[in-house]
Amino acid sequence: MAIKADFQLDTSGLCCPEPVMLLHNKIRDINAGEVLEVVATDPSTTRDIPKFCAFLNHDLVAQDEREQKYYYYIKKG
């Protein structure tokens with residue numbers, strides 16, 4: 001995947017609701033238009049992170065699953 005992330009948040013090993021809580025805190029610290037890469041192992045993030053982005057008007061640029069991890073690229077709205 002050729003998306004350039006400005007920041008990374010690794011939530012590997014954490015379970016719902018921790019990945020989204022950490023995402024909420026991290027996204028506050030970055031500027032609009034910057035891209036955050038989130039790495040997760042919890043399958044519930046495939047539902048929760050897209051809903052988080054839609055609800056708070058962030059752009060889920062891409063999501064991918066590889067090597068039993070989920071990757072999300074979120075552009076802050």
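This is a predicted model: local features need pLDDT of at least 70, side-chain atom pairs count only at pLDDT 80 or more; totals for chains, interfaces and linings use all residues.

What about Cys15? Its closest cysteine sulfur is in Cys16 as well, but at 8.4 Å that's too far for a bond too. A disulfide needs the two sulfurs within 2.5 Å, and by that rule we end up with zero disulfides.

Okay, on to the helices. Which two am I looking at? H1, which covers residues 18–28, and H2, which covers 45–56. Their axes come within 10 Å and cross at roughly 35°, and the crossing is right-handed. On the H1 side, the residues that make the contact are Pro19, Val20, Leu23, His24 and Ile27. Over on H2 they meet Thr45, Asp48, Ile49, Phe52 and Leu56. Sort the residues of that contact by type and you get seven nonpolar, two polar and one charged.

Asp48 comes up again when we turn to charges. How many salt bridges does a search of the whole structure find? Two. In one of them, the side chain of Asp48 meets that of Arg47, with 2.9 Å from N to O. Asp48 counts as buried at 16% relative accessibility, while Arg47 is partly exposed at 43%. The other salt bridge joins Asp64 and Arg66, at 2.7 Å from N to O. Here Asp64 is partly exposed at 25%, and Arg66 is partly exposed too, at 31%.

Now for the backbone. Most peptide bonds are trans, and most residues other than glycine have a negative phi. Pro17 lies in the loop between strand E1, residues 7–10, and H1.

Then go to the loop between strand E3, residues 59–66, and strand E4, residues 69–75, where you'll find Glu67. Glu67 isn't a glycine, yet its phi is positive, about 50°. Gln68 is in the loop between E3 and E4 as well, and its phi is also positive, near 60°. Are these two buried or exposed? Glu67 is exposed at 74% relative accessible area, and Gln68 is exposed at 71%.

Key: Residues are numbered from 1 along each chain as its sequence is written. Side-chain values use heavy atoms; hydrogens and water are left out. A salt bridge is a side-chain nitrogen of Lys or Arg within 4 Å of a carboxyl oxygen of Asp or Glu. Buried means under 20% relative accessible area, exposed over 50%, partly exposed in between (1.4 Å probe, protein chains only). Axes are lines fitted to C-alpha atoms, for helices over the stretch in contact, and angles run from 0 to 180 degrees between N-to-C directions. Helices (H or I, at least four residues) and strands (E, at least two) are DSSP runs, numbered from the N terminus. A crossing is left-handed if the near helix is turned anticlockwise from the far one by less than a right angle, and right-handed if clockwise. Contact means heavy atoms within 4.5 Å. Ala, Val, Leu, Ile, Met, Phe, Trp, Tyr, Cys and Pro count as nonpolar, Asp, Glu, Lys and Arg as charged, and the others, Gly among them, as polar.
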